[in-house]
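Please keep the structure open beside you as you read.

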Amino acid sequence: MRIRQIGTLVFDANTNIIVDANNQDAPGVGFRADSLFDPQPFAAEIAFRRATRQQALDAVSNLARELHSYAQRRRDNLPSVAGGALVVVEDANGGTTLRSYLRDAVVTLLSVEATSTGFLARVRVTGTLVNPFLNYSWTQTTLSALLPYERRVVALSGLSAAYLYRNDLVLNPILNMTGLYNVLLAIEELGGASETSRITAINPATATSGVTLQNWDAGWATLTRANFTSATSGTITYNITPSIPQDVYRLFIEIFCPTVPSTNARYLVSWGEQPQIAETISGDRTWYAPTLIVPDVVPFPLTLEIQNVPNGTLVMPLVLIPTDGVYIWNIIAPPTILGFHIFNVQTSNTRPFRVIPSGIIYGAPGFISSRFVAVFNGMMAPTIINSSATLSVYSRRIEPAAFA
């Protein structure tokens, strides 16, 4: 890909990027497949052709001034981009759509030489791009009627399977979820249309007296929750079977208390040779992630003991989410959560995280994926009749070839 602009400097016949005598393509800055959120190194040699020697040196000085001045303030109404000179490179179609910002620049004058057409000043510019080159226009995908605990495999609309995308998301509105105060949203990147999601939900097998098992339709499966209708303590068992794909999973447990539990409320989880793990049940969140778990080639029972919770407490199916290849966001706010947004910092002209009502979002600002993803909507309330949510994903194209 060709560099087309640095700061206000637009490259043309008299100012261009040097690779060799016949090639003006941008030098490689490297495509970091596993750290795309991180800053990227940048290096380029620029030739300034001017009529006089002084004009050539002035062009170098002006570039250095811009690189300094533009690093002193936030650019283009982007509150999370802490300054830097705009760098524009060509996309695969030759358009000027791929952008980043250059900071910590070093300008080195290599030579000034007289030529038959004037004077040629050569400089080397090195520094750090605050983010990978990115197309700032977006394509929207809307997932309607997303059910509580639904896992949905999605091909993002209008995108090419050949590219990567950096994505924002807005989950709004959330309908008929009165009392909702904690949401776990997971998005798993899939390598292609034929891949299936590894995110798994495990229904309870048995529960002790005073705990009622209730089914609901989650879209992809019939799931079961345990309702402490008359008990305040009880034990629930789950079967971990070989049908679960072999992987390393984070174990997520959701315990929804309709009122603030007592200070001695807690859960204890154990299985096989795993020592018992205990944690206090809080009144301001429902999701807990006590440990990792690896399914075995033989089934084994998992025991979850709940102590000293209010009547009406709901304990959901266990959720297993792979430790690799899945973005997870934990959203906590006073009831009732009505919606939230998660934007990547390099393109957002507002704050990256927002919850309605005001709350906290734990997780990355946006996510990177191919066209194919799986979405898990981890939200629960006492009554989920006609409950659903709408998730909109806004995708901006990344072109690995622009790094070459």
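## A loop residue and its surroundings

Thr313 is found in the loop that connects strand 22 (300-307) with strand 23 (314-315); helices (H or I, at least four residues) and strands (E, at least two) are DSSP runs, numbered from the N terminus. This is a predicted model, in which local features need pLDDT of at least 70 and side-chain atom pairs count only at pLDDT 80 or more, while totals for chains, interfaces and linings use all residues. Residues are numbered from 1 along each chain as its sequence is written, and side-chain values use heavy atoms, with hydrogens and water left out.

Is Thr313 buried or exposed? Its relative accessibility is 0%, so Thr313 counts as buried (buried means under 20% relative accessible area, exposed over 50%, partly exposed in between, with a 1.4 Å probe and protein chains only). A polar atom of the Thr313 side chain lies 2.7 Å from the backbone oxygen of Pro310. Leaving aside residues up to four places away in sequence, Thr313 touches Ala226, Asn227, Phe228, Ile255, Phe256, Cys257 and Pro258, where contact means heavy atoms within 4.5 Å.

For a contrasting case, look at Ala64 in helix 1 (residues 53-69). Ala64 is partly exposed, at 33% relative accessible area.

Strand 14 pairs with strand 17 (residues 234-240) over 3 bridges, and Ala207 stands opposite Ile236 in strand 17.

Another open sheet has 5 strands in the order 10-30-12-25-28, again with antiparallel pairing. Its edges are strand 10 (151-155) and strand 28 (360-362), each pairing on one side only. Strand 10 is joined to strand 30 (residues 372-378) by 5 bridges, and Ala155 faces Phe372 of strand 30.

## Aromatic rings

Rings of Phe, Tyr and Trp (its six-membered ring) pair if their centres lie within 6.5 Å; planes under 30 degrees apart count as stacked, over 60 as edge-to-face and the rest as tilted. The count comes to 10 aromatic pairs, including these:

| Pair | Centre to centre | Angle of planes | Class |
|---|---|---|---|
| Tyr149 and Trp287 | 5.8 Å | 20° | stacked |
| Tyr181 and Phe256 | 5.2 Å | 45° | tilted |

Tyr181 sits in the loop between strand 11 (164-175) and strand 12 (182-189) and Phe256 in strand 18 (residues 249-256), so their pair ties together parts that are 75 residues apart in sequence. Both Tyr181 and Phe256 are buried, as are both Tyr149 and Trp287. Ring pairs also link Tyr149, Trp216, Phe252, Trp287 and Phe376 into a cluster.

Notes:
Pairing = 2+ DSSP bridges. Polar contact = N/O pair within 3.5 Å; in protein donor to acceptor, adjacent residues only side chain to side chain.
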